[in-house]
Amino acid sequence: MADGGRQRSFRLHNMTVPARPLEPALYLVATPIGNLGDITLRALETLAGADVLACEDTRVTRVLLDRYGIQNRPYAYHEYNADEAGPRLLQALEAGKSVALVSDAGTPLVSDPGYRLAQSAIEVGYRVVPIPGASAPLAALVGSGLPNDAFLFAGFLPTKDKARRDRLAVFEAVQATLMFFESPHRIAATLVAAADVLGGDRVASVCRELTKTYEEFRRGSLTELAAHYADVDNVKGEIVLVIGPPPERAVEAADVDAILADLSKTMPTSKAAAEASRLTGVSKKELYQRLLDMKGADGR
């Protein structure tokens, strides 16, 4: 994995920019998810300056390197050769070299085997440095228009229908926006399963071909989206499915009183009101007064 005395620089328009030497470490470099302009200056300098550059597919990474005039030679590191290539990259770190890792697109370690390399490097005591940038889940989230105060990225769903539904059921009550990677030929079936398991009224967005020429955000309820894609024969491109959190359900007054009564048997008034607020969504102040009234009516 020698660099052969290559020039460590990158090109911006007609200007050649030298890359500063990198300290020995494992650098996790985010790369564009479609539009090659979505690369950071820090990422370019890292790709140009690293002693060793590891990537998922050398042909894909070479396109990016050529675009910016980077002479570094990429070496393959992916799920099929990780057992062989991983130890070689760790040996490079042991020799005091800088190692940069990229995936085909987006942030490495997200739904790819890079986490095993990072984990091994951390266990041995090597420094791991994230170089942030493009990320398909985050691009989909902010473009979907769905709540982003709490979100959960769950990668790919199982391919078999029952396993897919079982997996979705795990997230049914999660009070957060959900994000999944999905393939174009499975999106229709996934939307049907999601509507059945999570509820057809859940608002969602199918985010397709992000940052590319035919970028599309199709928004609607899960039922509406399932109906649309049932009629589309040839869906193309990479997809992130974003599903909004479950709608708030009205809690009956009698149910709230029952919860308060049960909690007050084992908790002080304030703590019982706080726990009931967490369970029902009703304000703690209101529930505290309600519990005091209940205790007053009981003569306690």
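This is a predicted model: local features need pLDDT of at least 70, side-chain atom pairs count only at pLDDT 80 or more; totals for chains, interfaces and linings use all residues.
Visitor: Is E209 buried or exposed?
Guide: Buried means under 20% relative accessible area, and exposed means over 50%. The relative accessible area of E209 is 16%, so E209 counts as buried.

Visitor: What is the phi of E209?
Guide: Most residues other than glycine have a negative phi. E209 is a residue other than glycine, yet its phi is positive. The value is near 55°.

Visitor: Where is H13, and what is its phi?
Guide: H13 sits in the loop between β1 (9–12) and β2 (15–18). Its phi is positive, in a residue other than glycine. The value for H13 is near 55°.

Visitor: Is H13 buried or exposed?
Guide: The cut-off for exposed is over 50% relative accessible area. H13 has 77%, so it is classed as exposed.

Visitor: Which residues does G237 touch, not counting residues up to four places away in sequence?
Guide: G237 lies in the loop between α8 (222–230) and β12. Its relative accessibility is 25%, and therefore it counts as partly exposed. Not counting residues up to four places away in sequence, G237 touches P184 and E209.

Visitor: How many Å apart in space are G237 and E182, C-alpha to C-alpha?
Guide: In sequence, G237 and E182 are 55 residues apart. In space, the C-alpha to C-alpha distance between G237 and E182 is 9.9 Å.

Visitor: What is the strand order of the open sheet of 5 strands?
Guide: Strands of a sheet pair through backbone hydrogen bonds, either parallel or antiparallel. Here the pairing is parallel, and the order is β5-β4-β6-β3-β7.

Visitor: Which are the edge strands of this sheet, and by how much are neighbouring strands turned against each other on average?
Guide: β5 (74–76) and β7 (128–131) each pair on one side only, and these are the edge strands. With direction ignored, neighbouring strands of this sheet are turned against each other on average by 30°.

Visitor: Which residue is the bridge partner of L53 in β5?
Guide: β4 covers residues 52–55 and pairs with β5 in the parallel sense over 3 bridges. Within β5, the bridge partner of L53 is P74.

Visitor: Which residue in β6 stands opposite A54?
Guide: β4 and β6 pair in the parallel sense over 4 bridges. Along β4, V52 and A54 point one way while L53 and C55 point the other way, and all are buried. The residue of β6 that stands opposite A54 is L101.

Visitor: With which residues is E45 in contact, leaving aside neighbours within four places in sequence?
Guide: E45 has its place in helix α1 (residues 41–49). The relative accessible area of E45 is 15%, so E45 counts as buried. Leaving aside neighbours within four places in sequence, the contacts of E45 are F10, P18, A19 and R20.

Visitor: How many cavities of 30 Å³ or more are there, and what is the volume of the largest cavity?
Guide: The count of cavities of 30 Å³ or more is 1. Residues lining the largest cavity include E56, Y77, L101 and D112, and by class the lining has 5 nonpolar, 2 polar and 2 charged residues. The volume of the largest cavity is about 50 Å³.

Visitor: Which residues lie nearest the centre of the largest pocket?
Guide: The space in the largest pocket is about 740 Å³. Elements that give two or more residues to its lining are α5 (136–144), β9 (177–182) and β12 (239–243). The lining has 31 residues, and those nearest the centre are A105, V110, F156, F181 and E238.

Visitor: How many residues of the lining of the largest pocket are charged?
Guide: Asp, Glu, Lys and Arg count as charged. The lining of the largest pocket also has 14 nonpolar and 8 polar residues. The number of charged residues in this lining is 9.

Definitions and conventions
Residues are numbered from 1 along each chain as its sequence is written. Side-chain values use heavy atoms; hydrogens and water are left out. On a 1 Å grid over the protein atoms alone, a cavity is a set of points where a 1.4 Å probe fits but cannot get out, and a pocket is an open set with protein on both sides within 12 Å along at least five of seven lines; lining residues have an atom within 4 Å of a point. Grid points are joined across faces, edges and corners, and a volume is the space filled by probe spheres set on the points. Buried means under 20% relative accessible area, exposed over 50%, partly exposed in between (1.4 Å probe, protein chains only). Contact means heavy atoms within 4.5 Å. Two strands pair if DSSP finds at least two bridges between them. Axes are lines fitted to C-alpha atoms, for helices over the stretch in contact, and angles run from 0 to 180 degrees between N-to-C directions.
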